[in-house]
Amino acid sequence: MSTLTPLADPKQASFYEVVSTRRSVRRFTKTPISDEVLNACLDMAMLAPSSSNLQPWQFFVIESEEKRQKTVTYCMSQNAAKTANKLIVVVARTDTWRQHAKDNIKYFPVKPVPKPVQDYYGKLIPLTMTRGVMNVFTPAKWALTQATRKVRGAMVDPIYDAQDLKNWALISTSLAAENLMLALRAHGFDSCPMGGFDEPQLKKLLDLNEEQHICMVIAAGERDERGIYSEQYRFERERFIVKV
């Protein structure tokens, strides 16, 4: 099994402790997470990196008792969901990139906004992301990509279809979800990222559209002494780390 190397520097050790003590907790106590703490953790979530800073995420904090009970049911009544103090549905959006591209120009900290930034968000991002009705632009985008590779030698694949766009949004949203879980741990709370849920039912409950995709449901709260089902272990690092 893989072993963790202790760190001597206090700042490094503090981060090390947060990461190494984060566990997927299945049972929580009744201790509440204050709005102040939750908001601070959500702020940390939104500091996560995202592709081209397009921030395709959304967090639904379940507060209605009726919605909470239904969310628990749609999460297959897992212990983590039933005992959580907070349930947060993490959603990846594929319908906000146009507005967020414009907002990147609007909120860019340097004024006047440099032309490369304006061109990137005003021209390149729409070219990369736009698919057209029934992916009508895909053949032309594919041909342009192949031609560019022959000239430049390297080219990032653009968004060809709806699945590409969904995958793109889910990757960035997952980074934000990890930030949220680590922030909760730093505040002394724990979490459980749940992938087992009835997505159609949960989307209907939250009135989500076809371009709002549930990435995960995070159960959060204070760790119960019965909340950890086993000691933490990982496979040997040689299985995953390749030096070339």
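These legends walk through several close-up views of a predicted model. Local features need pLDDT of at least 70 and side-chain atom pairs count only at pLDDT 80 or more, whereas totals for chains, interfaces and linings use all residues. Residues are numbered from 1 along each chain as its sequence is written, and side-chain values use heavy atoms, with hydrogens and water left out.

**View A. The largest nonpolar core holds 23 residues.** A nonpolar core is a set of buried Ala, Val, Leu, Ile, Met, Phe, Trp, Tyr and Cys residues joined through side-chain atoms within 4.5 Å. Here buried means under 20% relative accessible area, exposed means over 50%, and partly exposed lies in between (1.4 Å probe, protein chains only). The members that touch the most others are L87, V89, M194, L202, I214, V217 and A219. Two or more residues come from each of helix 3 (65-74), helix 4 (79-83), strand 2 (86-93), strand 3 (190-194), helix 9 (199-205) and strand 4 (212-221). Helices (H or I, at least four residues) and strands (E, at least two) are DSSP runs, numbered from the N terminus. Apart from this core lies another, of 22 residues, including I33, C41, A45 and C215.

**View B. L87 and its contacts.** Leaving aside residues up to four places away in sequence, L87 touches F60, V61, I62, R68, T71, V72, A81, M194, V217, I218 and A219. Contact means heavy atoms within 4.5 Å.

**View C. A nonpolar patch on the surface.** Y120, L124, L127 and L144 form this patch and together have about 360 Å² of accessible area. Patches are made of residues with over 30% relative accessible area and no salt bridge; like charges are joined within 9 Å, and nonpolar side chains (Val, Leu, Ile, Met, Phe, Trp, Tyr) within 5 Å. Accessible areas come from the Shrake-Rupley method with a 1.4 Å probe, and for residues only the protein chains shown count as cover. Helix 6 (residues 115-129) gives the largest share, 3 residues. L144 sits in helix 7 (residues 138-152) and is partly exposed, at 47% relative accessible area.

View D. A salt bridge is a side-chain nitrogen of Lys or Arg within 4 Å of a carboxyl oxygen of Asp or Glu. D119 is partly exposed at 24% relative accessible area, while K123 counts as exposed at 57%.

**View E. Two further salt bridges, D157 with R149 and E236 with R239.** The closest N and O atoms of D157 and R149 are 3.1 Å apart. D157 is partly exposed at 44% relative accessibility, and R149 is partly exposed at 27%. E236 and R239 also meet at 3.1 Å, N to O. Salt bridges that share partners join K115, D119 and K123 into one network. The whole structure has 10 salt bridges.

**View F. Cysteines in a structure with 0 disulfides.** A disulfide is a pair of cysteine sulfur atoms within 2.5 Å. C75 is in no disulfide, and the nearest cysteine sulfur, in C192, is 9.7 Å away. C75 is buried, at 0% relative accessibility.
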